[in-house]
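I opened the model to look up a few local features. My notes follow the structure.

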Amino acid sequence: MSVPKEFSKLFDSKKVYKQQYTSALSLPFSQQLPIVGFCAHTEEDVRRLESMFEGLQAMKVPLIIFWSGAKKLSLDWYEQASVIAPHDAHYESMWRACDTAYCFTSEDLKTAIASGVVPLAPKGLKGADNYDPNKEKGNAFIFDVLNPWVMFSSLVRALETYKFPFDWKCIVRNAKR
């Protein structure tokens, strides 16, 4: 997966991907609102996501689900979401359109970081360090347990931090190092 080598160009290209793919997927587009990705490998992952439905709906975040399960996934429960599978032509580009994403495996984490996406990750996932705004350290927003409330709180933290471009770029830069 290739992203611009110059750090400043990464954010310019991300704007283009966001606008292009939100329109193609009929997702709401706003530079002020991040696109959230969710890596789902199993039905259990999808149930976790569904359990956060009310919060996602209240926040009105556009959602791209990176689905690698065997069955086709239907999303009757959230209209601001789109499902992308690894074999889809625009899979890598969809990663580049995301600003943040729930990552549960090392592979998800590597893909997110390579795409300039800030990970939302469970505690203990190697390579994910919780962001500390006071020290400007860390490359992810960590949640302690696989609980919908705790997972959702990491998204809220990310959404609040996204409002501060300097801090957001700091997190992405930390991940790229």
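I began just after α5, where Gly116 takes a positive phi of about 75°. I am working from a predicted model, with local features needing pLDDT of at least 70, side-chain atom pairs counting only at pLDDT 80 or more, and totals for chains, interfaces and linings using all residues. Residues are numbered from 1 along each chain as its sequence is written, and side-chain values use heavy atoms, leaving out hydrogens and water.

I then listed the buried residues of α5 (residues 106-114): Asp108, Leu109, Thr111, Ala112 and Ile113. Buried means under 20% relative accessible area, exposed over 50%, partly exposed in between (1.4 Å probe, protein chains only). Helices (H or I, at least four residues) and strands (E, at least two) are DSSP runs, numbered from the N terminus. What covers these buried residues? I found β1 (36-40), α4 (91-97), β5 (118-122) and α7 (165-176) among the covering elements, with contact meaning heavy atoms within 4.5 Å.

Most residues other than glycine have a negative phi. Lys60 has a positive phi, near 60°. I placed Lys60 in the loop between α3 (53-59) and β2 (63-67). Is Lys60 buried or exposed? Lys60 is exposed, at a relative accessible area of 53%.

Glu136 also is not a glycine, and its phi is positive, about 55°. I found Glu136 in the loop between β5 and β6 (141-143). Glu136 is partly exposed, with a relative accessible area of 36%.
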